[in-house]
Amino acid sequence: MPIKRIKIQKRLFFLVVILSCMMAEGIAQSLSAFGHISRDPRFSASNYCIYPDTVLSRQTPPPTGKRPFYISHYGRHGSRYLNNRKGYDVPYQILAKADSADKLTPQGQHVLQQLKEIIDDSEGRWGDLSELGKQQHRGIARRMMIRFPEVFEGKAHVDAKSTVVNRCILSMGSAIQSMVGMNPKLQVKMDASEHDMWYMNHQDKYLRDSMMTSTTKKAFSEFCKDREQNHRLMSLLFNDSVYIKEHVDEVWLNYYLLKAALIQQNTRMGEKIDILDMFTYEDIHRFWQKENAWWYFNYGPSLLNGGKQPYTQRFLLRKMIEEADSCLQLRKPGVQLRFGHETIVLPLTCLLELNDFGYQTYNLEELEEKGWWACMVFPMASNIQFVFYRENPFDKDVLVKVLLNEEEATLPIRSDIAPYYHWSDFKDYYLKKLDAYEKGN
């Protein structure tokens with residue numbers, strides 16, 4: 001049965017509860033992905049998910065005497081509009097053509113009208129940061145200052161960098177606006193330049209070219225085989241089965257209609273359309289499975305294409321380690337903020353092996369059961385924060401805690417004080433890992 005209409009306020013409530021609980025538990029999921037989708041279908045949106053802007057979860061107290069003194073951060077831009085028209089034009093043109101031939105049902109005509117309204121709302125805003133996106137970054141910045149006030153005391157330094165994409169620059173500006181509003185004394189520096197793109201948004205040609213190998217294509221095609229068709233949806237939209245067979249690309253129409261519906265949670269159109277209600281929970285779950293698998297082998301550690309895709313972010317991780325080492329020499333180093341994209345946050349998370357997102361397999365069917373759920377990593381405004389602790393500027397035993405979307409994360413490093421880790425152990429593990437990759441390539 002198609003899902004029933006759920007009021008937007010109730011959907012948001014459930015999404016906040018679901019994601020906040022899950023992130024607090026890492027990948028030990030209390031519900032299946034289908035269970036979460038049944039509670040709120042928008043959970044399936046993958047990189048279109050809105051940020052879980054929740055009440056702060058309880059943090060593990062640091063070891064006695066240790067205080068936060070420096071934060072190093074990389075975050076994705078906030079909620080945005082669709083990047084380009086294609087995602088809307090594909091379903092719109094299929095339905096418009098059918099409408100001109102009098103082949104749409106009343107439901108199909110309704111969906112066509114809603115797509116037109118969505119396109120009109122998005123025109124001239126392709127890829128732009130939405131108002132919700134600005135709010136997300138103001139909230140993240142506010143909570144960072146509330147949670148770690150020692151780092152932001154007095155004339156603390158805030159060094160912020162963004163990729164040269166407008167939505168990232170505006171995300172940076174929104175975060176800084178919030179911080180300065182809370183402490184006008186902050187010494188802020190902002191920059192967005194091609195000069196830093198070699199590590200802020202590195203595009204590795206070798207690894208990108210190896211994303212879709214023949215092995216990967218075959219495995220993904222097999223995985224998607226029983227997850228792409230939606231004959232029930234076609235019968236809701238069209239009044240002629242022969243027309244569907246001869247003129248409608250069922251796979252792409254099903255895919256793009258769901259994508260179009262799911263991204264609206266990031267814009268003001270989220271409360272005005274009901275396209276999502278045509279899909280069953282089973283439809284949406286199959287879509288989620290396909291999206292999750294696609295992100296796994298393109299940006300995750302899939303063995304299908306060599307398991308090396310997370311190393312696209314080797315320059316960023318090495319840069320963050322080097323800059324942290326430099327900042328640790330300062331009496332009051334402050335904060336380094338970096339604003340970019342989900343195509344950085346996801347592979348960086350996998351490279352760090354946060355919450356076991358470094359899990360490697362050839363079998364795409366294992367991902368759901370093992371908890372490798374990309375949507376948990378890179379919602380809009382997703383972020384990774386390295387928070388550093390010490391007793392005083394002369395303390396050599398510096399500790400670091402990593403937060404994924406503001407929740408304490410586990411690392412693949414032994415620690416007697418987890419979720420805190422000795423910085424020397426952190427550096428030793430990851431620099432050896434980076435060195436080994438670079439020597440082997």
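Visitor: Leaving aside its neighbours within four places in sequence, which residues is Asp204 in contact with?

Guide: Contact means heavy atoms within 4.5 Å, and by that rule Asp204 touches Thr312 and Arg314. A word on the source: this is a predicted model, where local features need pLDDT of at least 70, side-chain atom pairs count only at pLDDT 80 or more, and totals for chains, interfaces and linings use all residues. Residues are numbered from 1 along each chain as its sequence is written, and side-chain values use heavy atoms, with hydrogens and water left out.

Visitor: Is Asp204 buried or exposed?

Guide: Buried means under 20% relative accessible area, exposed over 50%, and partly exposed in between (1.4 Å probe, protein chains only). Asp204 has 8%, so the residue is buried.

Visitor: Where is Asp204 found?

Guide: Helices are DSSP runs of H or I with at least four residues, strands are runs of E with at least two, and both are numbered from the N terminus. Asp204 sits in the loop between helix H7 (197-200) and helix H8 (205-209). A polar atom of its side chain lies 3.2 Å from the backbone nitrogen of Tyr206.

Visitor: Now to H17: which of its residues are buried?

Guide: They are Trp423, Phe426, Tyr430, Lys433, Leu434 and Tyr437.

Visitor: What covers the buried residues of H17?

Guide: The cover includes H8, helix H14 (314-327) and strand E5 (383-390).

Note on methods. Polar contact = N/O pair within 3.5 Å; in protein donor to acceptor, adjacent residues only side chain to side chain.
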